[in-house]
Amino acid sequence: MLFNSIEFILVFLPIVFGGFFLLRQFDLFGFSLLWLSIASLFFYGWWNPTYLPLLIGSIAVNYILGRVIEISAYRRFVLIVGVSANLVAIGIYKYLGFFSDVIAQLTGSSTSIPALLLPLAISFFTFQQIAYLVDTYKTGKSEHDFSRYLLFVSFFPQLIAGPIVKHSEVSGQFNSLNTRSICTSEISAGFLLFTIGLAKKVLIADQLAPYANPVFSAADQGSDIAFLEAWGGLLAYTFQLYFDFSGYADMALGVAMALGIKLPRNFNSPYKATSIIDFWRRWHITLSHFLRDYLYIPLGGNRSGSRNLNLLVTMLLGGLWHGAGWNFIIWGGLHGSYLVINHQWLRLKSFLTLELRNRKLASDLGPKGIDLGVSSVATASPSDKPQGQMGHFFSALQSLPGLIITFFAVCVAWAFFRAETFSGAIAILIGISGGNGLTLPNELVNLAPMLLSGYAESHTVTALGAFPHIKGYILIFLSMMMAMLAPNSFQIREFCFSSTEPSIPVKKHTWISAWITGACMFIAGITLGLCLKVLAFSPSTEFLYFNF
């Protein structure tokens, strides 16, 4: 069942919310959690009931393993068995076909194992339970109540595409629901987040797809992609993926918040990042934390002499986690290389800064090491440092090169992430570098036939799908402005539900806050209605991360 479907929004959610709050109203707390678990299993089984036993079996086995780790004298051995069993399960379904093909190519064998139908969300619920087993081993404490463990893994808002949740992040919240009253402000804030996420998916991501798919399909089929077409398709996918995945995350967090559960954030304006390190602190945050805590640090982390190798290995495996294919491995390798370069640059920058500071100090002390009283601190005037709004402006200018370089590097990596073939990704990169020439939009040719008629005759016939059309570039530009300049979902939520300036008198302050909240909810209602209208006349599309 899709979050962006009529049946989920108008049927499933009202029934689940109605049953949950009704049971809580009659103090049937245990039954209310069981109700959420049953609803979550129904939600998962709606996609394909065949794989529901796999999910339930995985939950049952890992619950038992967690209990055994807590009480066993052979805790480390049980942990290794548990982690291995989870990896074997995901390996059979997700990687067996891929690795059998690799072995067949290396050995020249003509036989290979066909890839199995990938169970929905297997990457997410497997990693989540691996983290649970490791944390149980470290703390010596496991979940004793099976029904709560069942809900921890299967909780439908985060089951399909995350965020990847640690047991410690939600177990206490499940317990506290018993003593907490139903909070209408949490329900309203959750509704707002859900609506923002739905709008991202329906009104932005789905509208960008027709401008990305034809370009990548043509590239995978061996076509030469011209400059504007390549950039149009690549940028369309860059923002489609962001609004699609962050839209899902917003909807997941919104539904959970309305139920009284706070899930961890997964996005924080990643395309505003000014370095690759900063990007991975903002993009798919829970996966970044998982890779750091359960892979990078166990490999040795920042230990001298091994950090670069650990970064590369971590990101290569992170790429493989996304999919069984060489392009995903290359994508992970690129980001690993980016991180290594970023860390080396910071190290060099720190060294150069220290060296310049020492030279400046030596110069100020004079030839005999005597303080001449002309240090950089003494000679600096108040105007040397930007202040107020001008300070923010100059700070933004200083960070602009980092933002541009980071965004370009991320886009290059997305070419491999999206393309089905290696040659398709290379065709896109050749196109964005101008290696296949330039094709102008038909609208521009029509506006200036006298100047561009000869060019149009020889080039516009090669236009791919929706490109090159001005409408596509306008939509991409607007998406870029929203991703890079507009406040993100949580900033909007905080604005709508936080107080105004403390200098305003209390009564006036409360009145203004109420009006701001009311206006935000009114706009959210209109937006929801618009999304439902779009969904009523067009089929719902899967979220991109359902494939991973």
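The largest cavity in this predicted model holds about 70 Å³ of space. Here a cavity is a set of points, on a 1 Å grid over the protein atoms alone, where a 1.4 Å probe fits but cannot get out, and lining residues have an atom within 4 Å of a point. Grid points are joined across faces, edges and corners, and a volume is the space filled by probe spheres set on the points. Residues are numbered from 1 along each chain as its sequence is written. Local features need pLDDT of at least 70 and side-chain atom pairs count only at pLDDT 80 or more, while totals for chains, interfaces and linings use all residues, and side-chain values use heavy atoms, with hydrogens and water left out.

Searching the whole structure gives two cavities of 30 Å³ or more. Around the largest cavity stand 14 lining residues, and Lys 200, Asp 250, Phe 267, Ser 489 and Phe 490 are the ones nearest its centre. Helix 10 (227–258) and helix 21 (489–497) each contribute at least two residues to this lining, with helices taken as DSSP runs (H or I, at least four residues) numbered from the N terminus. The most comes from helix 10, which provides five residues. Sorted by class, the lining has five nonpolar, six polar and three charged residues; Ala, Val, Leu, Ile, Met, Phe, Trp, Tyr, Cys and Pro count as nonpolar, Asp, Glu, Lys and Arg as charged, and the others, Gly among them, as polar.

Turning to the second largest cavity, its space comes to about 60 Å³. Its lining includes Phe 21, Arg 24, Arg 180, Cys 183, Glu 186 and Gly 260. Helix 1 (6–25) and helix 9 (184–220) each supply at least two of the lining residues. Seven nonpolar, two polar and three charged residues make up this lining.

Note on methods
On a 1 Å grid over the protein atoms alone, a cavity is a set of points where a 1.4 Å probe fits but cannot get out, and a pocket is an open set with protein on both sides within 12 Å along at least five of seven lines; lining residues have an atom within 4 Å of a point.
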